[in-house]
Amino acid sequence: MSAPVSVAVIGLGRMGCQHAENLAWRVPGARLALVVDADQGRAREQAARLGEVAWSAHLEDALHDVAIQAVVIAAPTPAHADMVEAAIAAGKDLFCEKPLTLDRARSAELSARAAARGVRLQVGFHRRFDPDYREVKRQVESGAVGRIYLFRESCRDMRPPSFEYIENSGGIFADVTLHDFDVARWLVGEVAEVTAVAGAVSDPRFLAAHDVDNAVVVLRFAGGALGVIDNSRVAGYGYECSAELVGERKTLRIGGRRSHQRLDVEELSGGWARRGYVTDFVERFHRAYLAEIEAFVAAVRDDRMPEVTGEDATCALDLAEAARRSWQERRPIRIPEDE
């Protein structure tokens, strides 16, 4: 049997801890070698919780350790690009949470640099690894759906993150809709035109942060299909991520009641029915987060390219920028951008 792939996790917020737990306890063929966070106390605490793994407050300790083959970058978005660049220079295979960067030119540069260096670079578009989405993809590729007419995707958060986070997120299109854009490209194909309408409906502080809390995006695909994406940061009832693909031979839907239920128990009382609802994306997509890290480790072990690449990150960022421009300029944006 081959030796386990030795991985370091950089950044121990919610997603970093999720990836570290999966690597420590749930991914066969992987070894969590090091956890890194600028907060020494957090790094020490998480290292102990995960089984007394090594910890550090410095990225360089992961990059300079020849025993570490790969790194998972889950630090805040503004730090991604520099960390990715440093990991590529060190020759480490890497998984990076989306986005690689909010700068389109640098995103393309990092992707090209990784390819030239022979570094495997996977981006955290986790929905591609969710069992429901993968089944839809399988049916599309098999021809069972036939020609696709309409794509619909809804992504709604129960409550918004802090405004400190929002101010550094790049805006709703780069932070939330980015996943929807990636799924749209993956399931249907390239997008030819984007039209977006959006507003700060719940709180004027969103506009003060140059952002919005609700958005609707209409897509026109190069192959002729149409698409609709709706996003909300303030849905209130829970977290929802649902999709629908209307095709020539059949229609496929993702995100029914069961996929968003905490338990398969319905409470009946006083003329009402209640059921638990997931509250965030980690709870909804816990299987996908495990599967994407399993796929990354397998790509490193088997010396092959990952399923989701830096080029995918750049393409999704292009669509996010087109949606931002469409909202601000109140007009459709062609892809490539209007000359």
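Two strands count as paired when DSSP finds at least two bridges between them. Keep that rule at hand for the sheet stops on this tour. The model is predicted.

**Stop 1: strand 10**

Select residues 226–232, which form strand 10. Strand 10 is mostly covered, with 5 of its 7 residues buried. Strands 7 and 10 pair in the parallel sense, over 7 bridges. Which residue of strand 10 is the bridge partner of arginine 152? Pick valine 228.

Next, show strand 9, residues 214–221. Strand 9 is joined to strand 10 by 7 bridges, and these two run antiparallel. Select valine 216; its bridge partner in strand 10 is aspartate 230. Then go to the hairpin of strands 9 and 10, which has 4 residues between the strands. Click glycine 224 there: its phi is positive, near 110 degrees.

**Stop 2**

Go back to arginine 152 and show side chains. Arginine 152 forms a salt bridge with glutamate 244, with the closest N and O atoms 3.4 Å apart. Are the two partners buried or partly exposed? Glutamate 244 has 15% relative accessibility, so it counts as buried, because the cut-off for buried is under 20%. Arginine 152, at 25%, is partly exposed.

**Stop 3**

The structure holds 36 salt bridges. Side chains of opposite charge can pair when their charged atoms come close. Select glutamate 85 and arginine 106. Their closest N and O atoms are 2.5 Å apart, in a salt bridge. Glutamate 85 sits in helix 4 (residues 80–89) and arginine 106 in helix 5 (residues 104–117), so this pair links parts 21 residues apart in sequence. Glutamate 85 is partly exposed at 25% relative accessibility. Arginine 106 is also partly exposed, with a relative accessible area of 23%.

Move to aspartate 203 and arginine 205. Their side chains meet in a salt bridge, 2.8 Å from N to O. Aspartate 203 is buried, with a relative accessible area of 17%.

Now select Asp82, Glu85, Arg106, Glu109 and Arg113 together. Salt bridges that share partners join these five residues into one network.

**Stop 4: the nonpolar cores**

The largest nonpolar core has 75 residues. Select Ile10, Val71, Leu94, Tyr133, Phe173 and Leu219, the residues with the most contacts inside it. Which element gives the largest share of this core? Helix 14 does, with 7 residues.

Zoom in on leucine 219. Beyond four places in sequence, its contacts include Phe181, Ala184, Val191, Val194, Leu226 and Ile229. Glu193 is also one of the residues it touches.

A second, separate core has 22 residues. Among them are Val5, Ala20, Ala30 and Phe95.

**Stop 5: alanine 316 in helix 14**

Finish with helix 14, residues 310–329. Select alanine 316 within this helix. Alanine 316 is at 0% relative accessibility, so it counts as buried. What does alanine 316 touch, leaving out residues up to four places away in sequence? Show Phe125, Leu178, Phe181 and Asp182. Last, draw a distance to isoleucine 293, which is 23 residues away along the chain. The C-alpha atoms of alanine 316 and isoleucine 293 are separated by 20 Å.

Technical notes. Residues numbered from 1 in each chain as written. Predicted model: local features only at pLDDT ≥ 70, side-chain atom pairs only at ≥ 80, totals over all residues. Heavy atoms only, no water. Buried < 20%, exposed > 50% of the residue type's maximum accessible area, 1.4 Å probe, protein only. Contact = heavy atoms within 4.5 Å. Salt bridge = Lys/Arg side-chain N within 4 Å of Asp/Glu carboxyl O. Core = buried A, V, L, I, M, F, W, Y, C linked by side-chain atoms within 4.5 Å.
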